[in-house]
Structure formats: structure tokens, C-alpha cells
Amino acid sequence: MPGQSLTVELHRVTDDIFRTFTWSRVGWFAYWGSVGLCGYGWSIAGLLWIQQIYSGLQVTGLNHPVMWGFYITAFVFWIGVAHSGTFVSAILYLFHARWRTSIARAAETMTIVAVMTAAIFPVLHLGRAWRFYWLIPYPNERGLWVNFSSPLIWDAFAVATYFVASVLFWYLSLVPDFAVVRDRSGGRQRAIFRRLALGWSGTAGEWRGFRRAYGILAAIVTALVVSVHSIVSWDFAAAIVPGWHSTIFAPYFVAGAILSGLAMVLTLVIPARFLLGAQDYVTVDHLENVGKLIIVMSLILTYSYVMEAIFSVRDDRPFTRSTFLFRVTGDFWPLFWTTIACVSLVPLSLFRRRVRRSLTALFCISLLINVGMWCERLMTIVTSLAHDFDPSVWGTYRPSVFEWTIVGGSISWFLFWYLLLIGHIPAVPIAETKQNLLESHRG
Amino acid sequence: MADPARGRSAGVLAVFDDRRRLLNAIHTARMAHIEPVTAFAPAYDEELVEAAAGPSRTIGAMALGGAIAGCIAGFALTIWTTAQWPTLIVGGKPLLSIPPFVLIAFETTILMASLGAVAAFLRRAAVSRRDSPAGHEPAFTDAHFGLLMRCDGARIPEAIELVREAGALQWRVV
């Protein structure tokens, strides 16, 4: 029977992916143990935040002139991590890169959780956190004089839009998969997934609508990949601070965001494919492709670093040159050289095929890239503030235990929500995997 | 379940394990003037969608409508809010400054376009379900394909014969 082999393969896809979120007893304990541990981690950070609200921002290392430190660095870092999820799921979708299917769900979920994590930090940075809603622009009912020319207001719009569009994009791709789970489960799980599947029955009309809406959303979200991190970069570039006031910042930030996000995808997916037993779907070939993208992004960033150095050294004004030299040789030189080592040099090892196909190497490189990207964000923010125009107000910055703990807690917060989400949805897109199968059968 | 003997308007739902047979069945049904209501598939299949789904311009139109509404809303919010404090001095810069407002209008455009696209998708899915209320089989989300045809009760045996000859695994009158 010609159709039987296809049917068997389609059925196997359903079975295999369905199995990724049905736990064995050991798996169940490991999963909930990890979730609990992460919950404990961010609870500790939460307690310190309460103490920080009670005592004020004096408990942080923030000072004059370094008024932005770990918290704003964390905001930029997590927003950057979010970008790669969209890059993998939307841009590669528009380019018909079929291999993206296997990691798209993990990347999209990462996007949502990373934006959730990033959005906390502007609030954490507020002395009076309960007035966070002042960040949200609305007509001038309270005499706040919302300044629509301020990049901080652009940020509020950009991040909110990015979150909503990413959630819609993520949920839309899940609707057919929720229907698969609904039709294979019973009891309370079935009742939940019946609601989530929105009555999906797989008609040709539904598929046409799905395809069209998904394509439109992919195009829309692609525009956001470029715009959101450009706007985040303008938080800095719009200010006339040496080391920030540069036209290269927008593309430089976008490339950095995609690099850190790709690295985070590897950090999350490599262990997850073992834990979820999805090795047949998330193959070494797929991870190798992520490695190739990392090389491209790393080279773009290295080019940006070189250009920034040339602009700074050849600048007629002494301030930019001075700030650059401060970055390279001043108080924060370890940040600069760690960035160069982890973002520009370490990824070069991926030119070797053997390294790209070694999961241990990929995992270690992905961790190092994220360390490098964190250092780069911190260096960019802190060194320019610490070494401004006027030598009489130059300063330095040492993060306090509050900042270390709260930023560390944000990793727990990120992993907590990521594990919760990815553990309760099909971790690999079922419908899209089947679509690839249908297309390969059609030739 | 409709009773074919009573001659009411009814239909046949057939299950296939091969998409090629399903496409043939759709073609044969059209030749016999039996209208396929819809086809079912476990994944997006371009040929199947072309054969069994009507045209769809609503989603694009609603996304565009959302984009236009969002753009207008973005400019309206910024300009009207700014217009409330005409005497405020903002460092020598023009109070009503269009370039920074473009950024906010861009974001609201994107936001409303995405909401419009998803709203249109939900509407289309609801319409599709309304047109084939008795059609769903769990096998269609797993690995099988399906065809729902509408015909007079008197033509039910003909429709069954049609899907049987086309190679359907099973069928039922709905």
C-alpha cells in the first residue's frame, strides 16, 4: 500500500513527540526537582529585592556617575537573548530553512521567557518600583508629561509589542499541536488541551488560514527583530556620551543579540534533547547549522569591534578615544578582553567541522559566548558612564551582593518559566515536522 | 446522524491513508457533481488546500486593516498627548516632533497588524468548523486524511461508492 509508509511515519512523529512530555517516574522527579530548584533560586533573589525596595538603591553599587549597572545590563542581555528565538523561528521560516523546525519551538519559548525576564529589570532598577506604571505611556492625564522623544518610552512600546507579537506567533504555531495532544489524551489533560486547541480539526480551510496567518506573523515579527534591539541600542546611542553616541550601535546590537540568542538556544537545546529523548528530531546536523550561524554573527560582531576601535582612535575629539582606551586598559579591562576572547576568538573554533559536531564543544562554546556577551553589555554601559567628558567626575562601579544575587536569580527565573512551558507543550513542532515529511514524500 | 432513507441533505465522511487517493476522490466527486465540503490533513499540504479550501483574503486584509489602524493610533496618541502641553519647553527641540513619533507609530502598526492577523485566523477557523460540524476524527490530527462531502440523502450510496472506489479506509454518513 503506497500510503501506508507515509501514515506509519506520520504516526511515529506523533508518538515520538507526544512522548517528549509524558514523563517517567525518574524524569518526573528530575523535572519537578529542577523547577523547584529554580523557583528557590529566584525566591532568594525576590527576598533581596524586597530588602532593596525597603532600603533604597543605596544597597546597590550604583553611584554617580555610574547610574546604570548590572540591572540595565541584564535588561539588554535578556532582550538580546530573546531575539534569536525570533530569528530562528521567523526569519529562517521565511527563508524556507527546513532544519529550523526541530529547534523552532525551543527558540520561540526562549524568546517569550527571555522577554519576561528582561521586562523585570527596568522595574528592579526603579527606586520606587510600585510606580512602574509610569513607564507605560498613556495620554497626559496625570501631568506626567510623557516624553515621546525619549528612547526609554520607545523601549516601553517596543518591548511590549515584541512580547505580544512573540506570544501570538508562538501560540499560533501551537494550535495544531494542541489538537494532536487533545486527540491523544484523556481526562483533565484533554479538557485543558481542548480549550487550548480552539476547536482545531485540521480542515483544509483551517490549514490555509493557519499558513497565511503564520506567514504574515513571521514577516511582522522579523521586522521586530531588527527594530526592537535597534531601539534598545538607541537608549545609549541617542545620548551624547562618548562610547555610546555612534551610528554603528543599532546593527551592532542586533548582531550581538542574535549571537547571544543562538548561543542560548544551544545551551538549552543540547541538554533538553537528551532529557526529552528528542535526539531523532533535534539532530547533530541541526545543531551544526546553529554553529555555522554563530560563526557568521561572531564575524559581524568582530567587524563591529574593529570599526568601533578605528572610529575611536581616529576621532578628532579626545573623549571617544579616551573612553576606548579606558575600556581596553582601565578599571574594566577584564571585561573588554573577556569579550574579545569569548565573542571573537572562541567561535572561530567552529570553523572546524569536528568542533561543530561535538555536542560537548558546542555546549561549552555557547556558555562562553553568553559570558562574553554579558561582559560586552556591561562594558559598554559602565565604562562610558564611568569615564565621561569631565575627568573631575570620573568614577567606577562595583556591583553589590544584591545585584549579583538578583541577576543570578534572573537566570533561575528564566529557567523556571522555560522548564514549566517546555515541559507542558510539544517541544518539537508536530504539525511542521509532519509537513516536512509530506513535502519530502511529494518530492 | 442523518438518515439517508429520509432524503434529507446529508454527507459522507471518508478516511484515507494516502493523500494521493484523497486528491483523486476530490476530483472524482467534483466530476460527479458531489460537492466536497472540506478535506482534513494532519499537516499543511499545499495541493490538498488548493483542491479543497476556498480562497482566503480575509487574513491579509485584516492584518493590513490592523496595520493602518495601529499607525493612525500611534500618531494620534503621540500628537494628541503632546498637544496637551503646548507651552512646555523641551531643551530647544520641537515639541511636536514627527521623527521620534514614527518609532512609536511603527510599533503600534506592528502590534495591531499581528492582532488583526490572529483575529482573522480565529474567525476563519471558526467559519471552517461551522461549515463542517460533524467532520472531526482524531485520526486526522494523527496520520490520516479525510474528506467530507455534502449531498442529498438519495445520493449517499453513490458518494459511498465513490470513496470506496477511491480507496478510502473507512467512511460514515454524517
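Tutor: pLDDT is the predictor's confidence in each residue, from 0 to 100. The model here is predicted: local features need pLDDT of at least 70 and side-chain atom pairs 80 or more, while totals for chains, interfaces and linings use all residues. Residues are numbered from 1 along each chain as its sequence is written, chains are lettered from A and ligands numbered from 1 in the order written, and side-chain values use heavy atoms, without hydrogens or water.

Student: OK, what does chain B average in pLDDT?

Tutor: The chain B average is 84, and 91% of the residues score at least 70.

Student: Where in chain B does pLDDT stay under 50?

Tutor: Over residues 1–8 of chain B. The model still gives that stretch 16 contacts beyond four places in sequence, a contact being heavy atoms within 4.5 Å. Where pLDDT is low, the predicted coordinates should not be read in detail.

Student: What domains does chain B have?

Tutor: The assignment gives domain 1 of chain B as 9–42 + 143–173 and domain 2 of chain B as 58–127. Such bounds come from an automatic or database assignment. Taken over C-alpha atoms, the centres of domain 1 and domain 2 of chain B are 47 Å apart.

Student: New topic. How many residues are in the contact between the chains?

Tutor: Chain A puts in 59 residues and chain B 62. About 5300 Å² is buried between chain A and chain B, with carbon and sulfur atoms giving 69% of that area. On the chain A side, A:Phe148, A:Arg208 and A:Arg442 lose the most area to chain B, together 14% of what that side buries. Buried area is the accessible area (1.4 Å probe) that two parts lose on being put together, summed over both.

Student: What about pockets: what volume has the largest?

Tutor: About 1000 Å³. A pocket is an open set of points on a 1 Å grid, with protein on both sides within 12 Å along at least five of seven lines; a cavity is a set where a 1.4 Å probe fits but cannot get out; lining residues have an atom within 4 Å of a point. The largest pocket is lined by 36 residues, and those nearest its centre are A:Leu135, A:Ile136, A:Leu152, A:Asp155 and A:Ala156.

Student: Which elements line the largest pocket?

Tutor: Those giving two or more residues are helix H3 (70–94), H4 and H5 of chain A, plus H3 and helix H4 (98–131) of chain B. H5(A) gives the most, nine residues.

Student: And the second largest pocket, what is its volume?

Tutor: About 780 Å³. Of its 32 lining residues, A:Thr267, A:Leu268, A:Ile411, A:Phe414 and A:Leu415 are closest to the centre. H14(A) supplies the largest share of that lining, 10 residues.

Student: How many cavities of 30 Å³ or more?

Tutor: Five. The largest cavity holds about 120 Å³ of space and is lined by 14 residues, including A:Phe210 and A:Tyr214. Helix H5 (151–184), helix H7 (204–237) and helix H15 (430–442) of chain A each give two or more residues to that lining, and H7(A) gives the most, with four.

Note on methods: Points joined across faces, edges and corners; volume = space filled by probe spheres on them.
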